[in-house]
Amino acid sequence: MIKNSCNHTKSSLQRLCSMYNSMDEKMMKNTYPPKLNQIVRGIGMAAGAVVLMAGCASTSAPTEQMAVSRAAVSNAMGAGGAEFAPVQFKSASDKLTAAERAMADKDFELALRLAEQAEVDAKLAAEMARSAKAQRAAAALQDDIRVLRQEIERQSK
């Protein structure tokens with residue numbers, strides 16, 4: 001009885017192994033051809049190398065961004081940022097000063113980040129100043145319209 005059971009188990013195991021092998025062969029046929037796998041692997045390795053090299057590359061001085069940030073702060077000053085958006089204008093000026101200090105210390109990544117932030121703050125200050133001026137002009141026009149209506153009503157009586 002035990003001998004018969006072992007034979008049965010052995011034959012079941014052999015059938016299971018042959019099914020697995022045939023499934024493995026079918027799956028191998030359905031996957032990408034070997035050359036395509038090599039190409040994909042090569043592209044992946046090349047992309048990884050590029051990313052690694054880019055990460056290791058030294059950061060150059062952000063002179064262009066510094067110039068753009070200086071121009072944005074100057075523009076904000078001309079637009080009235082110091083008067084109409086003093087908090088944003090001061091933030092832009094302080095960040096630009098800190099970026100210039102970082103440039104002098106050759107911390108180019110920090111300088112770039114601060115210069116970009118200074119540019120954004122300066123643009124915000126300039127737009128807020130323009131908006132405040134436009135609101136002031138609109139309020140003045142509303143007052144003029146009110147005065148004209150009063151004058152028209154007074155003359156029509």
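Trainee: How many residues does helix H6 have, and how far does H6 reach from its first C-alpha to its last?

Mentor: Keep in mind this is a predicted model. H6 covers residues 108-156, so to speak a run of 49 residues, and reaches 71 Å end to end, close to the 72 Å expected at 1.5 Å a residue.

Trainee: OK, H3 and H5 then. At what angle do their axes cross?

Mentor: Roughly 155°, with the axes coming within 10 Å. That angle is over 145 degrees, so H3 counts as roughly antiparallel to H5.

Trainee: Is that crossing left-handed or right-handed?

Mentor: The H3 and H5 crossing is left-handed.

Trainee: Which residues make the contact?

Mentor: From H3, you have Thr63, Met66, Ser69, Arg70, Val73, Ala76 and Met77. H5 brings Phe89, Ala92, Ser93, Leu96, Ala99, Glu100 and Met103.

Trainee: Switching topic: how many helices and strands are in the whole chain?

Mentor: There are 6 helices and 0 strands.

Trainee: What share of the chain's residues is buried?

Mentor: 18% of the 157 residues. The accessible surface is about 12200 Å², and carbon and sulfur atoms hold 62% of that.

Trainee: What about contacts between residues 24 or more positions apart?

Mentor: Those account for 76% of the chain's contacts with a separation of 6 or more.

Technical notes. Residues are numbered from 1 along each chain as its sequence is written. This is a predicted model: local features need pLDDT of at least 70, side-chain atom pairs count only at pLDDT 80 or more; totals for chains, interfaces and linings use all residues. Side-chain values use heavy atoms; hydrogens and water are left out. Helices (H or I, at least four residues) and strands (E, at least two) are DSSP runs, numbered from the N terminus. The expected span of a helix is 1.5 Å times one less than its number of residues. Buried means under 20% relative accessible area, exposed over 50%, partly exposed in between (1.4 Å probe, protein chains only). Contact means heavy atoms within 4.5 Å. Accessible areas come from the Shrake-Rupley method with a 1.4 Å probe; for residues, only the protein chains shown count as cover. Axes are lines fitted to C-alpha atoms, for helices over the stretch in contact, and angles run from 0 to 180 degrees between N-to-C directions. Angles under 35 degrees count as roughly parallel, over 145 as roughly antiparallel, 65 to 115 as roughly perpendicular and the rest as oblique. A crossing is left-handed if the near helix is turned anticlockwise from the far one by less than a right angle, and right-handed if clockwise.
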